[in-house]
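Please walk me through this model.

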Amino acid sequence: MIRTFNANIFRLKKSRLFWWAMVLTALATAGGVMLCCLAAEGDLSEYALESYALSGAPALSIVNAVTVILFLGTDNSGRTVRNKIMVGNKRGGIYAANMLTGAVIGCSVTVAWLVGGLVGVPILGWWKMPLTEVAVYIASLMACAVAVSAAAALVSMLIQSKSGAVVVGLVAAIVLMFCAGRVYTQLGGQKEVMTTENIDGELQFELIENPNYIEGVRRAAYELALNVNPLGSSIALSNCDLKDPIAGIAGAGFVTVFISALGAAVFRRKDLR
């Protein structure tokens with residue numbers, strides 16, 4: 001595994017795809033922050049840099065997935081894998097090395113994304129969050145990046161067609177993002193809502209219980225679904241609303257381990273053509 005991983009890293013350092021992904025991600029974040037600053041009205045000191053810099057977290061997850069699939073897909077033909085096995089590498093080691101390489105790609109692109117967001121510092125100042133909260137948010141970003149990269153490595157290792165793997169990865173990421181957005185929106189509903197009623201020409205306001213508010217066991221199930229969805233924390237991060245970061249990091253860790261174990265088990269039985 002070590003030899004394969006070192007070979008992957010050596011190839012990664014020379015990969016134009018990897019460096020272009022980092023540069024374009026940083027530029028996209030910088031451009032997004034600057035556009036938000038230009039569109040903002042009033043005193044810019046009222047705005048927080050993190051609310052702009054983190055707004056593209058779901059898109060970052062998609063970029064990570066596509067970059068991992070494209071990079072691993074260039075060296076994933078059946079013949080290439082057979083050659084690696086013939087020189088003494090085991091399938092489990094090959095899969096683990098590629099999964100770790102994907103994690104390196106995801107974390108590197110995430111760092112480039114964060115660096116790009118710093119373009120707003122001269123205008124908005126540093127993040128207004130406490131330092132400990134900043135560290136938690138960055139840790140959550142990295143956990144999401146690793147989980148998404150593990151899923152992308154699974155797709156890349158099991159689908160030999162690079163274009164097919166990219167399509168599957170994109171569709172899966174979009175579906176996961178849509179599901180995470182729906183769950184996040186439903187969890188964000190208010191327990192009480194304001195209603196108005198016209199009585200004798202006067203508007204009367206009254207607080208009533210929201211019939212669509214999710215609570216109890218159902219709420220716990222929704223929160224679990226959001227935490228184990230690799231795009232779930234990304235949706236919360238984009239809104240600077242990470243209510244339970246420890247659960248999110250734990251969920252991303254569980255997904256990473258589960259997907260990696262599943263992928264390695266399936267890859268050991270894959271028919272190499």
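Is Ala57 buried or exposed? Ala57 counts as buried, because its relative accessibility is 1% and the cut-off for burial is under 20%. Keep in mind that this is a predicted model.

Start from that residue. Ala57 sits in helix 4. Set aside its neighbours within four places in sequence, and Ala57 is in contact with Trp113, Leu141, Ser234, Leu237 and Ser238. Ala57 and Leu231 are 174 residues apart along the chain, yet 8.8 Å separates their C-alpha atoms.

Helix 9 itself runs over residues 162-187, 26 residues in total. From first C-alpha to last it reaches 37 Å, close to the 38 Å expected at 1.5 Å a residue. Which residues of helix 9 are buried? They are Ala165, Val166, Gly169, Ala173, Ala180, Val183, Tyr184 and Leu187.

Now turn to a helix pair. Two packed helices are described by the angle between their axes and the distance between the axes. For helix 1 (residues 2-13) and helix 6 (residues 91-117), the angle is about 35° and the axes are 9 Å apart. The crossing of helix 1 past helix 6 is right-handed. Helix 1 brings Thr4, Phe5, Asn8, Ile9 and Leu12 to the contact. Helix 6 brings Ala97, Asn98, Leu100, Thr101, Val104 and Ile105. By type, the residues of this contact are 7 nonpolar and 4 polar, with no charged ones.

How many aromatic pairs does the structure hold? It holds 2. One joins Phe18 and Trp19: their ring centres are 5.2 Å apart and their planes lie at 65°, so the pair is edge-to-face. Over 60 degrees is the cut-off for that label. Phe18 is buried, at 6% relative accessible area. Trp19 is partly exposed, at 43%.

The rings of Phe254 and Phe258 also pair. Their centres are 6.1 Å apart and their planes at 15°, so this pair is stacked. Why are these two residues about one helical turn apart? Because they are 4 residues apart in helix 12 (residues 245-268). Phe254 is exposed, with a relative accessible area of 54%. Phe258, at 48% relative accessibility, counts as partly exposed, because exposed requires over 50%.

Note on methods:
Residues numbered from 1 in each chain as written. Predicted model: local features only at pLDDT ≥ 70, side-chain atom pairs only at ≥ 80, totals over all residues. Heavy atoms only, no water. Expected span 1.5 Å × (residues − 1). Buried < 20%, exposed > 50% of the residue type's maximum accessible area, 1.4 Å probe, protein only. Axes fitted to C-alpha atoms, helices over the stretch in contact; angles between N-to-C directions. Left-handed = near helix turned anticlockwise from the far one by under 90°. Contact = heavy atoms within 4.5 Å. Nonpolar A, V, L, I, M, F, W, Y, C, P; charged D, E, K, R; others polar. Phe/Tyr/Trp six-rings, centres within 6.5 Å; stacked < 30°, edge-to-face > 60°.
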